[in-house]
Amino acid sequence: MKRVFSGVQPTGNIHLGNYLGALRQFVELQNNHECLYCIVDQHAITVNQDPKELREHILDVAALYLAIGVDPKRSIVFVQSDVPAHTELSWILTCNSYTGELYRMTQFKSKSHNKESAPAGLLMYPVLMAADILLYDTDIVPVGNDQKQHIELCRNIATRINNTRKKTFVIPDGRFMKEGARVMALDDPTQKMSKSAPNIHSRISLLDEPNKIKKSIMKATTDSDGIIKFDIENKPGVSNLLNIYSVLSGESIADIEAKYEGKGYGDFKKDLVEITVSTLAPIKERYEEIRHSDELIEILKDGSERANAIADRTMKRVKDNFGLGLKK
Ligand code: AQP
């Protein structure tokens, strides 16, 4: 069985972009793959986090994994910092990475933009991500489009190491959705939807109340020509909403365009509110049931035991190939 790894940062409530780009793949893949789904808390501290809030967000993300349908009997669900080998491997990969390739990462450029000196963790983030993936001999990484460059870097580092010493790592492939791979902010469709954007109406979180969902969608930026048509270049706002509508309803973009021909943005947005609210309601209900349960903690403890067992085997091989420590 091929192995799958992916993670989400506990930096706030998961939004439609995270869900449509990455998380909905998690559920589908667990049917015929060995899956590990991680809450990547060490990535979250590349920017300042309140410790109490961070602990809460870890459990929020874990509960949301289960609420969307990740089954802990079939998939390993765990917290990154509960498996020390992530940072251990990250150092070994750091020694096989180049500052030039790290400075070229667009996410680093945008997060460090206008800063005279950026936190070193922001620069090293993709190396830790490579360690997350390579630690589990991962074949497939289901992620959103924004992670393409990081996956490519991971492949390059692993290939470089495999070519200069004994074959050490499995070379993973990114898995990207055709639709929903990049959901844009509702208030500015030139930016991706993000957990940490200051305007709460820029995103729909999976736990938003129906009224909030309505407000965010009705306020979403469109344009003034009143035509519901997919055209990313000239109509990025409408195209983004069409994309969300299509993925949530299962209808093709062409069918949706035909359905709203001659109608205004108001009707289209009202229907999108309804579809979004009805998609998210069962997720929210399941989340409420599990979020404060002992079961959730037990699932994470069991997950970290299973993840540590795999990670230890990989680290033994990696250390042997690098000549680190005493032979065991
Ligand atoms: N807007 C998006 N559209 C499609 N996929 C997205 N992802 C994130 N935003 C979008 C995918 O969601 C997964 C988890 O992302 P993450 O939490 O690890 O980090 P991120 O990409 O930095 O997400 P955010 O929401 O923008 O968080 P903040 O604001 O904290 O930086 C990844 O697979 C990602 O591709």
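Gln-30 sits in the loop between helix H1 (16-29) and strand E2 (34-39). Helices (H or I, at least four residues) and strands (E, at least two) are DSSP runs, numbered from the N terminus. The model is predicted: local features need pLDDT of at least 70, side-chain atom pairs count only at pLDDT 80 or more, and totals for chains, interfaces and linings use all residues. Residues are numbered from 1 along each chain as its sequence is written, and side-chain values use heavy atoms, with hydrogens and water left out.

Is Gln-30 buried or exposed? Gln-30 is buried, with a relative accessible area of 3%. Buried means under 20% relative accessible area, exposed over 50%, and partly exposed in between (1.4 Å probe, protein chains only). Leaving aside residues up to four places away in sequence, Gln-30 touches Cys-35, Tyr-37, Gly-69, Val-70, Asp-71, Arg-74 and Ser-75. Contact here means heavy atoms within 4.5 Å.

Next come the helix pairs. Two packed helices are described by the angle between their axes and the distance between the axes. Axes are lines fitted to C-alpha atoms, for helices over the stretch in contact, and angles run from 0 to 180 degrees between N-to-C directions. Take helix H3 (residues 51-68) and helix H13 (residues 294-322): their axes come within 11 Å and cross at roughly 90°. H3 and H13 are therefore roughly perpendicular to each other. Angles under 35 degrees count as roughly parallel, over 145 as roughly antiparallel, 65 to 115 as roughly perpendicular and the rest as oblique. On the H3 side, Leu-59, Ala-62, Ala-63 and Leu-66 meet Leu-296, Ile-297, Ile-299 and Leu-300 of H13. The residues of this contact divide into 8 nonpolar, no polar and no charged. In this count Ala, Val, Leu, Ile, Met, Phe, Trp, Tyr, Cys and Pro are nonpolar, Asp, Glu, Lys and Arg are charged, and the others, Gly among them, are polar.

Now turn to helix H10 (residues 236-249) and H12. Their axes come within 10 Å and cross at roughly 40°. That makes H10 oblique to H12. H10 contributes residues including Leu-241, Tyr-245 and Ser-249, and H12 contributes residues including Phe-268, Lys-269 and Asp-271. The contact of H10 with H12 divides into 10 nonpolar, 3 polar and 2 charged residues.

Charged pairs come last. A salt bridge is a side-chain nitrogen of Lys or Arg within 4 Å of a carboxyl oxygen of Asp or Glu. By this rule the count comes to 20 salt bridges. One of them joins Asp-146 and Lys-192, with the closest N and O atoms 2.7 Å apart. Asp-146 lies in the loop between strand E4 (140-142) and helix H8 (148-164), and Lys-192 in the loop between strand E5 (173-175) and helix H9 (210-219), so the pair ties together parts that are 46 residues apart in sequence. Asp-146 is partly exposed at 24% relative accessibility, and Lys-192 is partly exposed at 33%.

Arg-155 is partly exposed at 24%, as is Glu-152 at 40%.

Glu-209 pairs with Lys-284, with the closest N and O atoms 3.3 Å apart. Glu-209 is partly exposed at 47%, whereas Lys-284 counts as buried at 18%. Elsewhere, salt bridges that share partners join Glu-56, Asp-60 and Arg-291 into one network.
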